[in-house]
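User: I would like to learn how to read a fold and a helix pair. Please show me the model and take me through it.

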Amino acid sequence: MFVQRLSATRLGARLARRLAVHRLDLWGVPYGSPVSETVALVVAELSANAVLHGRVPGRDFELRLHCDRAAGVVRVEVSDTHPSHPEPPAPDPADTDGGRGLLLVSALAERWGVTDRTGPGKTVWAECALSAP
């Protein structure tokens, strides 16, 4: 298990991605491997959403990683203190400024969801397969 609180800024989101791939490497999932790249993208999208849509001034977001070899997944959890829950947007070909983060997460992860957490806010989680497709 790896847990880190990060500032709800672009720098915090970037650091979350870098910490995730470093932790995976320590757990035996090498840098640049398909699994590492998939988890990095999922962490990047969920962290960016926490910073852009889940930010509450003065509050951090939290990254939690768990490598469950028995289940064959890496579970990524990103918690923020904003009360609204995200819903995956329908793809809009005319939208070139974003709005595809959760679509990407749903395509890359085995499954994902949103849960309430103790205290304010929610946790958005995703489970990525430990073996490359």
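User: How many residues does the protein chain have, and what share of them counts as buried?

Analyst: Buried means under 20% relative accessible area, exposed over 50%, and partly exposed in between, with a 1.4 Å probe and protein chains only. Here, 38% of the 133 residues of the protein chain count as buried. This is a predicted model: local features need pLDDT of at least 70, side-chain atom pairs count only at pLDDT 80 or more, and totals for chains, interfaces and linings use all residues. Residues are numbered from 1 along each chain as its sequence is written, and side-chain values use heavy atoms, without hydrogens and water.

User: How do I describe two packed helices?

Analyst: Use the angle between their axes and the distance between the axes. Axes are lines fitted to C-alpha atoms over the stretch in contact, and angles run from 0 to 180 degrees between N-to-C directions. Take H2 (residues 34–52) and H3 (residues 101–108): their axes come within 9 Å and cross at roughly 150°. H2 is therefore roughly antiparallel to H3, a term for angles over 145 degrees.

User: Which residues of H2 and H3 meet?

Analyst: Contact means heavy atoms within 4.5 Å. Thr38, Leu41, Val42, Glu45, Leu46 and Asn49 in H2 meet Gly101, Leu102, Leu104, Val105 and Leu108 in H3.

How values were computed: Helix = DSSP H or I, 4+ residues; strand = E, 2+ residues; numbered from the N terminus. Parallel < 35°, antiparallel > 145°, perpendicular 65-115°, else oblique.
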